[in-house]
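I opened this notebook to record what I looked up, one topic at a time. The structure comes first, and my entries follow it.

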Amino acid sequence: MKLINSFGPNPRLVRMFMAEKGIELPTEELDLLAGENRKPPYTDKNPGGQMPALQLDDGTVIAETAAICEYLEETQPSPTLIGSNARERAVGRMWQRRVELNITENIYNGFRYAEGLGLFKDRMYCIPEAADGLKAKGKTSWRGSTA
Ligand SMILES: N[C@@H](CCC(=O)N[C@@H](CS)C(=O)NCC(=O)O)C(=O)O
């Protein structure tokens, strides 16, 4: 099993999760700024082209930071990071979705469509006119408003 790793907050989150669990894995480093993650051979493994990904020994590639952490939690339960019973896990997943859907996705996309436009315009569908609204939404959503 190896972590396909790069610069950026999502790979860092997985590395922090692994560190808390005491998991050490070989890594394959991709140059995100050069766009190595947006072309084969990486996109053959993860068509979404984003980082990080976990490649299992049977060749399965798991992308999406939350899915990677859940896999590591299930395969190495101790120490427990996501919750030790159904109620704790559900509360953790509830907050994870709230933070991702209401705050971080808005802030990431606000950045990608403005300051990051030069880097992202050829990588993904960008909506520059939405940048200010997404940043404002990301800043207010922590109060619990999903409007
Ligand atoms: N939904 C994905 C988002 C991953 C993501 O946004 N990764 C960033 C790095 S933090 C990335 O690959 N950026 C470069 C790109 O999109 O080309 C996840 O949760 O893993």
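In which sense, left-handed or right-handed, does H1 pass H3? I found that H1 passes H3 in a right-handed crossing, where right-handed means that the near helix is turned clockwise from the far one by less than a right angle, and left-handed that it is turned anticlockwise.

Before going further, I noted that this is a predicted model, in which local features need pLDDT of at least 70 and side-chain atom pairs count only at pLDDT 80 or more, while totals for chains, interfaces and linings use all residues. I also noted that residues are numbered from 1 along each chain as its sequence is written.

**Entry: the helices H1 and H3.** I looked up the axes of helix H1 (residues 9–21) and helix H3 (residues 65–75), which come within 10 Å and cross at roughly 15°; axes are lines fitted to C-alpha atoms, for helices over the stretch in contact, and angles run from 0 to 180 degrees between N-to-C directions. H1 and H3 are therefore roughly parallel to each other, a term for angles under 35 degrees, whereas those over 145 count as roughly antiparallel. On the H1 side I listed Asn-10, Leu-13, Val-14, Phe-17, Met-18 and Lys-21, and on the H3 side Thr-65, Ile-68, Cys-69 and Leu-72, with contact taken as C-beta atoms, placed from the backbone, lying within 7 Å. The residues of this contact of H1 with H3 divide into seven nonpolar, two polar and one charged, where Ala, Val, Leu, Ile, Met, Phe, Trp, Tyr, Cys and Pro count as nonpolar, Asp, Glu, Lys and Arg as charged, and the others, Gly among them, as polar.

**Entry: the helices H4 and H6.** I then turned to helix H4 (residues 86–112) and helix H6 (residues 131–140), which pack at an angle of about 150° with their axes 8 Å apart. H4 and H6 are therefore roughly antiparallel to each other, and their crossing is left-handed. The contact brings together Ile-103, Asn-106, Ile-107, Asn-109 and Gly-110 of H4 with Ala-131, Leu-134, Lys-135, Lys-137 and Gly-138 of H6. By class, I recorded four nonpolar, four polar and two charged residues for the contact of H4 with H6.

**Entry: the chain and its sheet.** I counted six helices and four strands in the chain, both being DSSP runs numbered from the N terminus (helices H or I, at least four residues; strands E, at least two). Along the sequence the pattern reads β-α-β-α-β-β-α-α-α-α. The four strands form an open sheet of mixed pairing, in the order S2-S1-S3-S4, and two strands pair if DSSP finds at least two bridges between them. Strand S2 (27–29) and strand S4 (61–63) stand at the edges with a single partner strand each, so one side of each is left without a neighbour in the sheet. I noted that S1 (residues 2–5) runs antiparallel to S3 (residues 53–55), joined by three bridges, while S1 and S2 pair in the parallel sense, also over three bridges. Leu-3 stands opposite Leu-54 in S3 and opposite Thr-27 in S2.

**Entry: the ligand.** Which residues surround the ligand? I listed Gly-8, Pro-9, Asn-10, Leu-32, Asn-37, Arg-38, Gly-49, Gln-50, Met-51, Glu-64, Thr-65 and Arg-123, a residue being near a molecule if its C-beta atom, placed from the backbone, lies within 6 Å of it. This shell has three nonpolar, six polar and three charged residues.

**Entry: backbone details.** Glu-64, which is one of the residues around the ligand, has a positive phi of about 80° although it is not a glycine, and Glu-64 is found in the loop between S4 and H3. I also recorded a cis peptide bond from Pro-40 to Pro-41, with omega near 5°, where Pro-41 belongs to the loop between S2 and helix H2 (42–45). Another cis peptide bond joins Ser-78 and Pro-79, with omega about -5°, and Pro-79 lies in the loop between H3 and H4.

Terms used. Angles under 35 degrees count as roughly parallel, over 145 as roughly antiparallel, 65 to 115 as roughly perpendicular and the rest as oblique. Two residues are in contact if their C-beta atoms, placed from the backbone, lie within 7 Å.
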